[in-house]
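Q: I would like to learn how to read a structure like this one. Please start with what surrounds the ligand.

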Amino acid sequence: MVATEHETQTSPNADSASPLVDKSGSRVQEMFRQIAPRYDAMNHLLSLSIDRYWRWRTVRILRLSASDPVLDTCTGTGDLAIAIAKKAPKNVRVVGSDFCPAMLEIAIKKRRVGTPSETIEFIEADSQSLPFSDNRFQCVTVAFGLRNVTDTDQGLREMTRVCTPGGQVVVLEFSQPRLFGLRQAYGFYFRNVLPRIGQLFARNDKSAYSYLPESVVQFPDGQALADRMTAAGLTDVKFTPMTFGVATIYQGRKPQSTDASASETTP
Ligand SMILES: C[S@@+](CC[C@H](N)C(=O)[O-])C[C@H]1O[C@@H](n2cnc3c(N)ncnc32)[C@H](O)[C@@H]1O
């Protein structure tokens with residue numbers, strides 16, 4: 001597959017010696033198309049269902065008011081959007097966007113009549129050019145999706161653009177444990193065990209679960225990702241590692257318009 005210009009913009013972590021993973025949009029889209037029917041089952045199996053807890057923690061930090069809509073980008077099969085809809089005040093519109101129709105089809109099937117999920121709108125859209133006007137959503141989230149977006153910074157800028165001034169941008173993403181011993185054990189599981197189990201399930205695309213460890217190792221985490229969020233125009237950016245640092249929640253606030261002009265001068 002031909003590498004795109006965007007790929008060279010990915011910041012590898014310092015300890016990554018492998019070539020940059022191919023995150024071109026067409027490759028990522030095709031990979032998720034192939035694993036879509038088994039995505040949820042594999043996710044819960046490979047994370048021992050801890051992914052549900054991580055999403056629950058993410059929803060808990062959202063300050064949801066009965067006002068503007070909420071957007072979950074790279075929503076995939078919609079689990080975070082559904083969890084948000086359960087917590088959001090009645091009548092708050094929840095939108096889930098993703099560029100892979102096969103993932104969205106599964107999300108749409110999960111909507112249940114008579115429950116908060118019923119009214120979630122699932123929209124096909126690339127996170128690098130969201131089809132929404134500026135300042136629209138009180139919270140903009142992404143779970144395990146930003147790492148897959150070809151141009152991370154463009155994805156963050158778009159999330160910030162569509163967020164209302166004063167609103168929250170929240171990212172849930174894999175990270176690497178810092179604790180010596182655990183880091184090595186995690187690396188072994190990620191590189192050797194997880195791809196093998198993944199391949200048993202992801203029958204068509206054998207590369208999907210070697211993509212996962214490669215993309216995690218090469219993706220910025222901790223302060224490095226927090227700095228990228230600040231550079232995208234967010235303020236008060238903080239991050240909370242979970243489960244010994246295997247996943248991390250990052251949160252930032254879009255400045256009110258008075259201090260927004262200050263952030264515009266940020267290089
Ligand atoms: C690992 S899944 C995460 C799905 C879901 N958020 C979750 O928590 O399980 C990543 C999702 O990001 C989507 N994605 C990757 N790059 C994207 C882009 N540029 N625009 C929109 N969606 C994208 C993929 O189609 C896939 O559904």
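A: Sorted by class, the shell around the ligand holds ten nonpolar, seven polar and three charged residues. Here Ala, Val, Leu, Ile, Met, Phe, Trp, Tyr, Cys and Pro count as nonpolar, Asp, Glu, Lys and Arg as charged, and the others, Gly among them, as polar. This is a predicted model: local features need pLDDT of at least 70, side-chain atom pairs count only at pLDDT 80 or more, and totals for chains, interfaces and linings use all residues. Numbering starts from 1 along each chain as its sequence is written.

Q: Which residues around the ligand come nearest?

A: A residue is near a molecule if its C-beta atom, placed from the backbone, lies within 6 Å of it. Of the 20 residues around the ligand, Cys-74, Gly-76, Phe-99, Cys-100 and Ala-143 come nearest.

Q: Which element supplies the largest share of the shell around the ligand?

A: Helices (H or I, at least four residues) and strands (E, at least two) are DSSP runs, numbered from the N terminus. H1 gives the largest share, three residues. Helix H1 (25-35) and helix H4 (79-87) each supply at least two.

Q: Why does Val-149 count as buried?

A: A residue is buried if 20 or more other C-beta atoms lie within 10 Å of its own, exposed if 12 or fewer, and partly exposed in between. Val-149 counts as buried because it has 25 C-beta neighbours inside 10 Å. Val-149 sits in the loop between strand E4 (137-143) and helix H6 (152-162).

Q: Which residues does Val-149 touch?

A: Contact means C-beta atoms within 7 Å. Leaving out residues up to four places away in sequence, Val-149 touches Cys-74, Ser-127, Gln-128 and Gly-155.

Conventions. Two residues are in contact if their C-beta atoms, placed from the backbone, lie within 7 Å.
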